[in-house]
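Visitor: Could you take me through the reasoning behind the labels used for this structure, beginning with the strands?

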There are 2 protein chains.
Amino acid sequence: MATGRTHRPATRSRGIPEATVARLPLYLRALTALSERSVPTVSSEELAAAAGVNSAKLRKDFSYLGSYGTRGVGYDVEYLVYQISRELGLTQDWPVVIVGIGNLGAALANYGGFASRGFRVAALIDADPAMAGKPVAGMPVQHTDDLERIIEDNGVSIGVIATPAGAAQQVCERLVAAGVTSILNFAPTVLSVPDGVDVRKVDLSIELQILAFHEQRKAGEEAAADGVVPPVAAKQQRKGPDGDVPP
Amino acid sequence: MATGRTHRPATRSRGIPEATVARLPLYLRALTALSERSVPTVSSEELAAAAGVNSAKLRKDFSYLGSYGTRGVGYDVEYLVYQISRELGLTQDWPVVIVGIGNLGAALANYGGFASRGFRVAALIDADPAMAGKPVAGMPVQHTDDLERIIEDNGVSIGVIATPAGAAQQVCERLVAAGVTSILNFAPTVLSVPDGVDVRKVDLSIELQILAFHEQRKAGEEAAADGVVPPVAAKQQRKGPDGDVPP
DNA sequence: ATGTCTTTGTGAACGCGTGCACAAAGATTG
DNA sequence: CAATCTTTGTGCACGCGTTCACAAAGACAT
């Protein structure tokens, strides 16, 4: 997982556990795929496999939403798509601003996954005057000076920060002051925000570092266990029959 | 958080809890900043504030690494930077390949946070023949046909997938077959991999959906507080909540 | 040396998330 | 209608992670 919530004591929102909320989008994606293939119903076992989770966990997750399944049959795909969408608030359109149109910001602006799921990029904002008016993803970049006006005019409550680390906190404060209450932060900094504002962060470098840790551990155990293992031997280990590594 | 581990029963690697490993990069970043300002020592309270976590949690995290602090004084910044770097495996250089050089792949290639922390982009790979040879981030894009050779020649064990969803699983399988054992996945798909391969995923769309959920909840509570909807009656009833629609 | 003050390291309690295992519920068949 | 079969929904137990609270350890002053 590349991101995580930022402090706040895991407020169980309306009885739905945070861990469940984090999995709902996963289920929704699998269900959407089934829907496009006109599959009418799906069992918890099948859907769990498609989403890469345990079936008992999936059933428990759905139980927080209500009793939407039929015993002996499974879940109605279309109905469940609607219920989860509604639960996640995706039946309405969320205008989003992206601040910081560098490589990453531009990539985000071009990312198709937003529009398809209830999000609409309302504006692209950058501090560089040279960027102003330049079209990115078919949309002119606007200058930071207009940030407050843009937020207000479009009723934006979700902001994406893709600026350099040094600018992030200041941008964050301006967004919050202008009325934004949810922030997705790509800048490698800890943002401090007032209560009531949600921050989620995505940090590419941190994800790689976590992988490196496990990679190092694997290399160490391998060397310790059976001396030097040629790289060719590793590729044959598809689907290892034995379970986990011994302690 | 934008990412999450993919199944696997939370193997506690060498006694260091997974949750702690995920925070080490955070501490490292804060410590590096202190180091650049030539701060000699730091207390758990100060460092915790800089990293945005609870100080007790930070001390417990460090206790898994060893007793590196001095009571009454705090932690030696330089020493701790070294210890955490070593623990994360960042004292060695990790060659990384990026597969899928679209907007996102290019952004990742240009991202400075990699090189600065022990990672080196060894190659950029794309399936489009028109991209081959084209320079991105000062490095020529190579064709997918050479994937296996590139992995082997450079001893790559970490791969980044930034392809469209449809291509991700196939690319993943080729990477794994060629010897890659850690994958950072940006494609919106569940990857299935053999045991022993680590996958972390970063999903921009999922992060936004989680924010939308909280945003909706906040809006709902606000309305309820204003007397529009009784807070409890709103949605708690199972078996057919108010706003549902028959299939 | 002795006492005081600061800060670490950790024992213990608690809460959340996970997974097992099974009873309840409905479909389906005879 | 009764019997059987499938699949949901959930009670329960377990383990991980978080937080509190405090004793132990060292720095520093007298």
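Guide: In this predicted model, three strands of chain B make up an open sheet in the order S2-S4-S3, with antiparallel pairing.

Visitor: What makes S2(B) and S3(B) the edge strands?

Guide: Strand S2 (41-42) and strand S3 (69-70) of chain B each pair on one side only, and they are the edge strands of the sheet.

Visitor: How do you know that S2(B) pairs with S4(B)?

Guide: Pairing requires at least two bridges between the strands; two bridges join S2(B) to strand S4 (residues 74-76) of chain B, so the two count as paired, and they run antiparallel. Within S4(B), Tyr75(B) is the bridge partner of Val42(B). Across S2 and S4 of chain B lies helix H4 (residues 77-88) of chain B, running at about 70° to S4(B).

Visitor: Why is H2(B) called roughly perpendicular to H3(B)?

Guide: Helix H2 (residues 44-51) and helix H3 (residues 55-65), both of chain B, pack at an angle of about 105°, with their axes 8 Å apart. Angles of 65 to 115 degrees count as roughly perpendicular, and therefore H2(B) is described in that way relative to H3(B). By class, their contact has four nonpolar, two polar and two charged residues; on the H2(B) side the residues include Leu47(B) and Ala51(B), which meet a set in H3(B) that includes Leu58(B) and Arg59(B).

Visitor: Which residues have the most contacts inside the largest nonpolar core?

Guide: That core has 140 residues, and those with the most contacts inside it are Val96(A), Val97(A), Ile98(A) and Ile98(B). Leaving aside neighbours within four places in sequence, Ile98(B) is in contact with residues including Leu108(B), Val121(B), Ile125(B) and Val160(B).

Notes:
Residues are numbered from 1 along each chain as its sequence is written. Chains are lettered from A and ligands numbered from 1 in the order in which they are written. This is a predicted model: local features need pLDDT of at least 70, side-chain atom pairs count only at pLDDT 80 or more; totals for chains, interfaces and linings use all residues. Axes are lines fitted to C-alpha atoms, for helices over the stretch in contact, and angles run from 0 to 180 degrees between N-to-C directions. Helices (H or I, at least four residues) and strands (E, at least two) are DSSP runs, numbered from the N terminus. Angles under 35 degrees count as roughly parallel, over 145 as roughly antiparallel, 65 to 115 as roughly perpendicular and the rest as oblique. Two residues are in contact if their C-beta atoms, placed from the backbone, lie within 7 Å. Ala, Val, Leu, Ile, Met, Phe, Trp, Tyr, Cys and Pro count as nonpolar, Asp, Glu, Lys and Arg as charged, and the others, Gly among them, as polar. A nonpolar core is a set of buried Ala, Val, Leu, Ile, Met, Phe, Trp, Tyr and Cys residues joined through C-beta atoms within 7 Å. A residue is buried if 20 or more other C-beta atoms lie within 10 Å of its own, exposed if 12 or fewer, and partly exposed in between; C-beta atoms are placed from the backbone.
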